[in-house]
Amino acid sequence: MTRAVLSVGLAVLAFVAVGAAFFVLIGKPPLTMLGAMLRFGFGDAYSVSESLVKATPILLCALAIIVPARLGLLSVGADGQLYVGALAGTAVMLAGAAAPGWWLLPAVLVTGALGGALWGGVAGVLKARIGVNETISTLLLNFIGLLLVNHFVYGSWRDPANLGWPSTIPFPPQATVPSLLGTRVHAGLLLALAAVVGGHVWLVRSRFGVALRVLRENRKVGDMVGLNYRRNVIVTMAIGGGIAGLAGICEASAIQGRLQPGLSLGYGLTGFLVAWLAGHSFLGAAPLAVLIGGLIVAGDALQLYAKVPAASATILQGLLFATALAVSGLARRGSPPRG
Amino acid sequence: MGEAALLAWAAATLRSATPLLLALLGETLTQRAGIINLGVEGQMLAGAVVGFGVAATFGQPLPALVAGGVAGLVLSLVHAVLCLGVRANQIGSGIAVWMLGLGISSYYGRAFIGGRVTTFGPLLGMSPVIWAAILLVPVVGWWLYRTRPGLVWRAVGESVDNAHALGIRPRLVQLQAILVGGLLSGLGGAVLSVDYTQTWANEITKGRGLVAVGLVIVTRWNPFLVLPTALFFGLCEAAVLRLQAVGLAVSSYLLACLPYAACLAVLTIVQLSARYGRDMPEGLKDVFADSRTSG
Amino acid sequence: MTSAAPPAVRFRAVAKSFGPVRAVDGVDLEIRRGETLALLGENGAGKSTLVKLLYGVHQPDAGAIELDGRPVVIASPAVAIARGIGMVFQRFTLVPALSVLENLLLAWPHTRWRLGRDHAPVLARLAVLAPGIDPARRVAQLSVAERQLVELVRVLNMDARCVLLDEPTAVLTPLEVERLYELIRPLASQGRAVVMITHKLADVAACADRVVVMRQGRIVDEAPAGARSDDALVRAMIGASSVVEEGTPPARIGAARLVVRGLGAGFVRDVSFEVCAGEVLGVAGVAGNGQRPLAEVLAGVVAPSAGAVHLDGRSLTRRDGAAGLDPRVAYIPEQPLDNGVAGALSATVNVALRRLRALRAFPDWRAEAATARELMRRFDVRPPEPRLPARAFSGGNLQKLVLARELSRAPDLVVACYPTMGLDVAATHAVHGHLLECASRGASVVWFSEDLDELLGCAHRIAVMRDGRIVGVLAREHASRQALGRLMAGSTGQVA
């Protein structure tokens, strides 16, 4: 718990420093801009809801990265898993759209998670059985996942009624993730928060979570007491993939209302950043995802009102990441070497 | 297929392959010294936007390419400082560089969307840049295998400790490797925007830089194999465009998967074969092995 | 007969510490041209560190190093190489993925920018010293002896005027050792200063002009070769025992429980022995002679390449994909922080580690913590706080924690690998007590140690390992420091 608080606090401090430096560099008054960002991100109910909307897929993608990271795996594949999850869930939606019932939404969600789990599992199997590095394989699978969605959306799933823009038919109400309090924030956020709490408890207190920690900390010792590294590789990658798949299907269902290209606005990469900043802890990821969600929303608003391109949000994320890496690297230097 | 069509395919393949070739060459050299840089994508993007900007402003392609290379080099400095200076995790650092490149190129590229630039006139039917890139491959290969600095570079990639015991300064070599990688990938990005597409679009590289990092394994860290590997990727890309134009029934998107899927397939095959362990610089094995995540 | 020229190298009151450990403690030494100096001593005596100070791998904390009478600062191996000092390491510095030729070119000071075709000067010595080695072959494909030769050529190519050899015969077969002697002997006569680090008396007899014995960071004896008998050298190396350990090995010994036949694992070859119920078999020997691989194979951590281990008639040999150590075995690994615990995890988890797979999906951590606390109290782990991470415990307490976990399972076999290394007297005593208690309950105990006094006090029989083999087993009554030392150092002549 303290680690979560610490990581969030440090991230905020780092962001203020980095953000101020960035604005000075582009010739804008730093304090004014930072204040504006805070307002745009969290200033009123609408901003907060928009930030939460962005935070939901980011948080889920961060969790998708954190689960394998607990075993020491560096997966960057949340985007691909997100896409394939959306793909799988949409397939079920299309199949049931003609005669929808109450069962459609759960089926869509479960299939979405399974699709993502499958995509994560592919990378997991490649790593466990063959030893293919998971960072590179997930990066490649990201592109394939995205292209698969494009293939279907531009092809056999294309809604003929929608002339201007390629997409599927809209999700029927029975397959739409319900929204909360009449805002754009949807129940996916609740799922994410439940995952955060449940996942935290599970990873910290369960036998499985402890086994992951042992294997990551000292593979030889884990081997010695009979823990199976390879099986855990596949399991963690699949679980992570499932969570990202959930993000994908929720985005398609609740936010976009249909499956279309450009489903992910870099949520996978941002999720990776959040996971890292959170020190790969579930609890830390939640507030950080909200903060970064606010950052992105503020970036969009800055483009409208202050003529600062929205891409500044991406630059700020990059600077934040670099700063966090530098700080943790320097901190490790200070501590005595092991053994 | 008629001769004209064949030539057209070849030309399209070469044009498509060149940006990747440069990035691939750069990352191969970097990984040869034992450093993995996932920021190649960001460096390419930085080179692309800076190169395009210079070309659009001054109308000259050559300074644009140079500027692009320098932009990539400067961005790679971030990776160097993080990896060599504070011993940060190489994968994390590379992704931070990728993010920065992504952001910077979107940021400054906004002004250029839709613009057009002119490039070099053709030399023997193709852009002179392509000829230069093709020639660069054997030059780099010769340098790596037949000169003393190349030998030192390879030794550092195998074992930093052994190199140090032999009187080499490994971190200096690794710094050079990262910077050279940055220069070449920035150049590749500039070639992409200024010479190949001659226009600007957001995320113009479409992951070429990331593919390059993966493809280095396919090239078995051998610069000479960079050319056929890049050509293969270029062929896939050219095929997508051409088949689309012809109106072939195959979905262009499935076709577009081909390079990534092929890369993954070759990686798997290479990993299965015994030669993999032999070809990978030992220094990289620690990076590729289960990297410890922070915290 | 005084020589006007200063010695090639002189150490003046040189000292080097690593944390609390004084590796080199005020050494004055001369290394002369035209002479082969043998630097003799046990592991940890400081000989390797002393030589690495000369090669620039470390820098002295105190004192000075003089080359040809002038004090110098050797800040890195590059500087040492520039001054004509070459070192053949125990862990080779050859790059395995590169060819022999490329490795030699890498180290040669006159290599040109363009690596042309004509490499005659670099390869000349190779052709003379090792004509069978093809320079185009990758080093990874060479045998260990061949690599040693290439290393030697590498150093000679530097025209090194000072050649440092670190345990050159450590991993060679007897035939290869003879060939190496033939190469080392003429080096000094060519005007070089040669230093050979070793713990084997055969090396000294074959090559040395002068012998210097180090122990615990100091020089304890120095004499021309041949002026000291083997016994005298062994005595100087291991010293007289200062504390006589009064252990109480259990009186009763039952039938043979542990049966080891023809065991082989990498460097370890053809090991066979039996241990009875309630018996403590000590395994002595200088570290690096195969103790760790043998311990791991015995415990079942790794699979052997040959032979088998049986406990009470049932096989103990690890098969691939086996689910952890056999529950009958307690394994106390050396360097527990690296090999025995998950450092960042709490003591509770580490104590429960062997049972982890059998726990419920959501274990009762409260109960586990209580169990851990109880065990920690019983084994005197301080502080007895199970929530602390394992790495927070000091060396002695961590070792007791591992013991608590392993020995509380009432094992049938205990494999302990340097269990008291780095511990203070009190902790050492406690460890002895626990291991002996296990034996008194009927377990077979195999106890690897570098401390001869410890084994002499606690073991029923003591085996000696050298070069991956068991070279002798002495019953307690016949064992003495001298006898064991002779076996360890490889002195010729039968033991009484």
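Trainee: How many residues does the contact take from chain A and from chain B?

Mentor: The contact takes 45 residues from chain A and 43 residues from chain B; two residues are in contact if their C-beta atoms, placed from the backbone, lie within 7 Å. Of the side of chain A that touches chain B, α13(A) gives the largest share, 14 residues. By class that side has 26 nonpolar, 17 polar and two charged residues. Nonpolar covers Ala, Val, Leu, Ile, Met, Phe, Trp, Tyr, Cys and Pro, charged covers Asp, Glu, Lys and Arg, and the others, Gly among them, are polar. This is a predicted model, in which local features need pLDDT of at least 70 and side-chain atom pairs pLDDT 80 or more, while totals for chains, interfaces and linings use all residues. Residues are numbered from 1 along each chain as its sequence is written, with chains lettered from A and ligands numbered from 1 in the order written.

Trainee: What makes β1 and β4 of chain C a pair?

Mentor: Two strands pair if DSSP finds at least two bridges between them. Five bridges join β1(C) to β4(C), so they qualify, and they run antiparallel. Strands are DSSP runs of E, at least two residues, and helices are runs of H or I, at least four, numbered from the N terminus.

Trainee: Which strands neighbour each other in the sheet, and why are β2 and β5 of chain C at the edges?

Mentor: The order in this open sheet is β2-β1-β4-β5 (chain C), with antiparallel pairing. β2(C) and β5(C) each have a single partner strand, so one side of each lacks a neighbour in the sheet.
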